[in-house]
Protein chains: 2
Amino acid sequence: MEDLALVVADAPVVAAGVFTQNVVRAASVDYDAALTPADNMRVVVTNSGNANACTGQRGVDDTRQMAALAAATCGADPDQALVMSTGIIGEFLPMDKVAAGISAAAGQLATDEAALVAAARGIMTTDTIHKLSEDRIAGSQGDVQIVGMAKGSGMIGPNMATMLAIVLTDAALTPSAAQQVLRQVVDSTFNCVSVDGHTSTNDTVLLLASGAAEKSPASGELLDRFRAGCLRVCTDLARQVAADGEGATHLITVRVSGCATRDDAHRIAAAVANSPLVKTAVAGADPNWGRVVSAAGYAGVAFDPSRFDLYMNDVLIYKRGAPVAIDAASLSADLAARHETVIDLRMNEGQAAIEFWTSDLTAEYVRINADYHT
Amino acid sequence: MEDLALVVADAPVVAAGVFTQNVVRAASVDYDAALTPADNMRVVVTNSGNANACTGQRGVDDTRQMAALAAATCGADPDQALVMSTGIIGEFLPMDKVAAGISAAAGQLATDEAALVAAARGIMTTDTIHKLSEDRIAGSQGDVQIVGMAKGSGMIGPNMATMLAIVLTDAALTPSAAQQVLRQVVDSTFNCVSVDGHTSTNDTVLLLASGAAEKSPASGELLDRFRAGCLRVCTDLARQVAADGEGATHLITVRVSGCATRDDAHRIAAAVANSPLVKTAVAGADPNWGRVVSAAGYAGVAFDPSRFDLYMNDVLIYKRGAPVAIDAASLSADLAARHETVIDLRMNEGQAAIEFWTSDLTAEYVRINADYHT
């Protein structure tokens, strides 16, 4: 299996980054955060199998060394390379293997679809499938491309951590516009996906913009179109990550609307999405609205429990604080038949809304994460 | 199986209550919260199998009726009875069955150990064992007794919710002292226990103090002794609840010390205790410190990751931000052999500390909660 990916730009590109909110951060996260946003990046090197987290000064040195090796493949300076790592926490990087991997990857650089798939496969850990998405928007001199790749399957396999993603585009962006767009897009996509609620030490999303398709940096309406395209790509990738959650049999989309604030909507959606009882109910195709309603109730948001409505797969099941008589057997059959379960909470208290994605919880998740020894 | 418990005091007693923080509250919770603290209670009636939550006005009426029926068994007024319910959410109480159960229980009232066990069994849902604890302190006129019973097994079985507990004592307390002691004790005990992080709609802890052992309300040193005894009883019950978590094979005690504030310690302990990855690691007897360290890191507490130490079952495994070389196979064997796993995080930043209890996560938990249809 591939365990290293190298993305090289022919000329310096604009780069932005958004990183884990965990206090315990991998060496690569600190390294990238210090270098972004920037307008002179050439390389992103990613290894899987080892997170290089909790590894002290040696881990910091190893990340720098990894960047230097990657930069050297295209004659760039070490600070023109970004690094992502994912895998086991607390072990040192096998630098001889990393160096050999970088050399090998440098010899296989290509611009075709196969190379993209190989890179997307190179960043996988417990993922069962590589994750790619692309979009195209109208630029000022023709089409602008946006291509994203991601890894993540649960947050964590057997001690393997992390959601990583890279978005590549030939749009022209200033570093500050790139950073702002990425921050906004991540807030609505990768920050709205959870498999087990366990935030990793290594989460990293990078945006690289070459400007090859445009003469001047996007602004105004073109920037809005770019943001929308980037949102579509990252939404697609976030859904792919949730769908490929460890042991998952259902993708769960939690929609929360009608809140006073977006933060309220996010809290309620996250509480529902992270409840093991909601997730096991979906695994069992059980339209168990009591679990959804009670999870919403402990989200830390003050709301009127007699005001809100709940739909599952478009069936109204709870209305204004009271259960609705439904054909539970038929809804259960529908939940079992579809790969995606939609839980739709309408709070009827305001205008703010959010979508959040997670996976169901099965015995297979427990098997993957318990039947393993460090 | 018993599904109703009646606790009757010979004369009016002092009563205090602490309730769920869920916004969605069962009718019994609203009812009890309005009546406590008080100095004239006679009865507590508890049913299991039906939570009477999300049941609207009819649920409110049913709770009142249940209180009236229970009060009538000893010639008390309806507002001298407290009610606890646990079980399925969103279904109406079968009032004919409840009435028959109250009559039957009233005919079996007794003061012996067997009656206490029967009451503790009467409040069980998916619990595999009844939970009782007792303690004795020196009062001013001889011993003072403190007896507690609880139910809870996971927070929730197949749609069954809730942690319920009653603490009975012959200590003399004012209503305000009873309320204050109960609040303090619950904060360090039942508010530090989690099986699946899913706060129920019905959580209720009641303290009834008859004063039979004392001439005047406890204060000063005697009140401190009472608080300590009550803490021992509730700690024991909280540990029993975690140990009987659905599908659990290990009780997990998470100790967090050396924090700047108790709230920081509580957040870190709860993040570790609620991580499915930590819980599956313990199920697999895997000393996977990376999962513990990364869970602490996303608790929302700012701390220096290079300062803290981690012990598992008294083995130092992570020191000042770096792993310690240990015999992992021997520690794993120890984790497998003991029923209790102790995770001990020493943050070295302050004086605040906490203990938190949870259970491990097994495939059996998923089976109990997924293989069920509403």
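Colleague: What makes the order 11-10-9-12-8-13 in chain A an open sheet?

Modeller: Six strands of chain A form this sheet, with mixed pairing. Two strands pair if DSSP finds at least two bridges between them. Strand 11 and strand 13 (352-359) of chain A are the edge strands, and each pairs on one side only. The strands are DSSP runs of E, at least two residues long, and helices are runs of H or I, at least four long, both numbered from the N terminus. This is a predicted model: local features need pLDDT of at least 70, side-chain atom pairs count only at pLDDT 80 or more, and totals for chains, interfaces and linings use all residues. Residues are numbered from 1 along each chain as its sequence is written, while chains are lettered from A and ligands numbered from 1 in the order in which they are written.

Colleague: How do you know that strand 8 and strand 12 of chain A pair?

Modeller: Strand 8 (residues 251-259) and strand 12 (residues 340-346) of chain A share seven bridges, in the parallel sense. Pairing asks for at least two. One bridge joins A:Leu251 to A:Glu340.

Colleague: What lies across the sheet in chain A?

Modeller: Helix 7 (residues 262-274) of chain A lies across strand 8, strand 12 and strand 13, running at about 20° to strand 13. Helix 6 (residues 220-243) of chain A lies across strand 8 and strand 13, at about 40° to strand 13. Axes are lines fitted to C-alpha atoms, for helices over the stretch in contact, and angles run from 0 to 180 degrees between N-to-C directions. Contact means C-beta atoms, placed from the backbone, within 7 Å.

Colleague: Why is strand 6 of chain A called mostly covered?

Modeller: Six of the six residues in strand 6 (residues 164-169) of chain A are buried. A residue is buried if 20 or more other C-beta atoms lie within 10 Å of its own, exposed if 12 or fewer, and partly exposed in between, with C-beta atoms placed from the backbone. In a regular strand the side chains alternate between the two faces of the sheet. In strand 6 of chain A, A:Leu164, A:Ile166 and A:Leu168 are buried on one side, and A:Ala165, A:Val167 and A:Thr169 on the other.

Colleague: Which strands pair with strand 6 of chain A?

Modeller: Strand 5 (residues 142-151) of chain A pairs with strand 6 in the antiparallel sense over six bridges. Strand 7 (residues 204-209) of chain A pairs with strand 6 in the parallel sense, also over six bridges. A:Thr169 stands opposite A:Ile146, and its bridge partner in strand 7 is A:Ala209.

Colleague: How do you know that the copies meet through the same surface?

Modeller: 100% of the interface residues of chain A are also interface residues in chain B, so the surface is the same. The contact takes 51 residues from chain A and 51 residues from chain B. Helix 9 of chain A gives the most to its side, with six residues.

Methods
Two residues are in contact if their C-beta atoms, placed from the backbone, lie within 7 Å.
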